[in-house]
Amino acid sequence: MIAEAGLAALWLAASLALLQLALAAIGLAGGKSELLGAVRPVAVAQGGLTAVAFALLITLFLRSDMSVLLVVTNSHSMKPWLYKFAGTWGNHEGSMLLWVTVMGVAGAAVALFERALRRETHMATLGGQAAISLGFYAFLLFASNPFARIDPPAADGQGLNPLLQDPGLAFHPPTLYLGYVGLSVAFSFAVGALLTRQVDAAFARAMRPWVLGAWILLTLGITAGSYWAYYELGWGGWWFWDPVENASLMPWLAATALLHSVTVLATRDALRAWTVMLAVVAFSMSMVGTFLVRSGILTSVHAFAVDPERGTFILALLGIYIGGALALFGWRVGAVREGAPFELVSRETMLVVNNLLLSVILGLVLIGTLYPLLTEAFGHKVSVGAPYFDRIAGPIALALMIAMIVGPLTRWRRDRMREVTRRLAVPLVVGGLVFLTLAALAWGRIGILPFLGLVIALAVGVGSIAPLWKRNLRRTPLFTWGMVIAHLGCAVSLAGMACDSALTVEKLVAARPGDTVETAGWTLRFKQILPIAGDNWTALQADMEASRGGGEPVLIHPQSRFFASPPTTTTEAALLTRWNGQLYVVLGQEADEGRWQLRIWWKPFVTLIWFGGFLIALGGALALVGRERRGWLLKWRARKAVEAAA
Amino acid sequence: MKAKHQRLILALVALVALIGAGLLAASALKDEAAYFYAPHDVKTKGVEPGKAIRLGGMVVKGSLKRASDGVTVHFDVTDGKATVPASFKGITPDLFREGSGVVAEGAFDVGGTFQATNLLAKHDERYMPRELEGMQYDEKSHKMKVDR
């Protein structure tokens, strides 16, 4: 009954989405206020029903109900419960249900908590959200039903891809989806505002927390995914420019640009049309990403199965929604009044530079990701990988980082060049000193990009805290702290990337138990190799002692795991984290009589990459809380004032 | 500055950035995009040494040899029409074995051996590099069948 109830909940939610769209459309077009009053409760009910359907699918997985096709093809009764639970979204149908759930719940949240938006725009936004949801309900119900039964039930399931059997699966996809799909709210806001022609500062102030919220979660999701890929794949890299990674990066780039332009619109009432455009682009990138991932059209480790039919379905949805939103934009952009003008030397200009550079990176990543599809249409099989992306994204990202130093030190509306230069003195001097020191120490020994990366990272590090200079720290608004910490996070992350790229030491050997391997100041004693067993796997495990500079040896255990269902071998790297880097050891195959392949990396300061990502998200959270708190305080004071006057 | 002028300047800057980005992408793609070659393509079209490509085919049975350092492998890649030698230093994927499909990323050295920097083998039962779709190894005749 659980599966049937889940399917019923989905159908009901889809009907409510249709109702929500109809109520909003008729109410707004015909000026029927009483119809509009029903939109919010319907949106909340719709969100609730998606959550119910999702909870029911989780229940089916936890109970290992082998009469449900999705459980049979993706789960196994012997799997640890955490992977039964997280395995719910480790497959196509389950992840699409998660997508729809996030969309429904986000819509319900907009219905419940959005108070700043004008009523008509609010209703039009909810109508827009229902319209997008409908397409994905159709996709789920007609092309990817997660609740399909099989008769007779299977004896047991086929298991989950072992690469996914990791705690990372419980955290990374839901966080990523909350951000990725949460951007649909910004999309709906843009559609709503275009319909009611109310694009102004008040609209931007209402949209900002939703954009910030989605962006924070997207940042966390990408950071977590990067670390997961780093330790799980055993390749020692943290970003592979895989199409699916790009699919999450592109919405992030658009959302980051949107985050900055929405601030310009909220503070200075400028960049109106552009901000609306970015809101449309950001979620469009999420949908393009889903198309790339779910159609299996590009070679990727994330592609579960190649299914052209589903690809066509998503492509049609893409065409309808992106095309529709762009058409609406083209139709209504004339009605969006011009925003306030600003001088050339101003914070606004710097944020335009930020938006321009982010958009250029986005465009170049999109071209590189889609290029193989384009050439395949002409009969050439081509792959575009790290060499392309590093070459184009690297220099522009560094330019963006330099703009990041200047922007926060420039005043809104108009500023004087001389003043800006004066405020920039300290970061510039630090950058110059680092440049000279590094040039003296390592010129020609590290690549030009990591070299510049280190210099700019330190300059940004100093520059990012410069806005706090001579301020009363306790009276500095929380959202200013948020900006400072997020920018500092960028510097920290960049420093980690540059260090990893410039200073990593790699060693590849075949060794016998009893041998000692030395690399990068570490001594590794290979003691023995033993078979061990886990819940649903067996493994060969190497026992090794790692020590540095005559210090206390630490035991580490790289493994090669074998899973029977489905039959797959995975490597479990041993990681040893120190304050100044990570030791990363992978056990390979038996090379010949008694010798085992070992791949050892010493990666100085590599952990800064993810620590920086965390700081960026933390900065976003501080900004969100700071803005919201200021809103509450202002309202509270206004009420007090009214009471006092009365 | 008048608002009209400002819009014009912004639009111009955006246009220049767009064209610049397009040119940058075109030049980078020309240099960095790795074309897919089957051994037969290598023999007929020729690939200059050092040019990054993807080489795809089947690992010839009996050709897989491990060097004395224990971490380098030498093998031959075939598509049924031609065969080229390849070598790789590193830990090979678990499903990389004789008679199975492989996509190798790397470049030819001057001696004509393909120096792979990365090997992509069949990921699991359900996943296969797209480049290998349509290539099949016939167990009986030990020949590759390619329908493209």
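**Predicted model of chains A and B**

The end C-alpha atoms of residues 315–627 of chain A lie 38 Å apart, and this span is 51% helix and 25% strand (helices, H or I, have at least four residues and strands, E, at least two; both are DSSP runs numbered from the N terminus). According to UniProt, an unreviewed entry, these residues carry the feature "domain: Cytochrome c-type biogenesis protein CcmF C-terminal"; UniProt positions follow the numbering used here, feature names are shortened, and annotations may be inferred rather than shown by experiment.

The model is predicted: local features need pLDDT of at least 70 and side-chain atom pairs count only at pLDDT 80 or more, while totals for chains, interfaces and linings use all residues. Residues are numbered from 1 along each chain as its sequence is written, and chains are lettered from A and ligands numbered from 1 in the order in which they are written.

Chain A contains an open sheet of 4 strands in the order E2-E11-E10-E9, with antiparallel pairing (two strands pair if DSSP finds at least two bridges between them). Strands E2 (505–511) and E9 (574–578) of chain A form the edges, each pairing on one side only. From one strand to the next, the twist averages 15 degrees. E2(A) is joined to strand E11 (residues 595–604) of chain A by 7 bridges, and the two run antiparallel. A:Val509 stands opposite A:Leu598 in E11(A).

Helices H8 (residues 168–196) and H10 (residues 243–268) of chain A have axes that come within 11 Å and cross at roughly 50 degrees (axes are lines fitted to C-alpha atoms, for helices over the stretch in contact, and angles run from 0 to 180 degrees between N-to-C directions). H8(A) and H10(A) are therefore oblique to each other (angles under 35 degrees count as roughly parallel, over 145 as roughly antiparallel, 65 to 115 as roughly perpendicular and the rest as oblique). A:Leu176, A:Tyr180, A:Leu183 and A:Ala186 in H8(A) meet A:Ser248, A:Pro251, A:Ala255 and A:Leu258 in H10(A) (residues are in contact if their C-beta atoms, placed from the backbone, lie within 7 Å).

The contact between the chains takes 39 residues from chain A and 35 residues from chain B. On the side of chain B that touches chain A, helix H1 (3–32) and strand E1 (34–37) of chain B are the elements giving two or more residues. H1(B) gives the most to this side, with 12 residues. Strand E1 (residues 382–383) of chain A and E1(B) run antiparallel and are joined by 2 bridges. B:Ala34 in E1(B) is the bridge partner of A:Ser383.

Note on methods. Contact = placed C-beta atoms within 7 Å.
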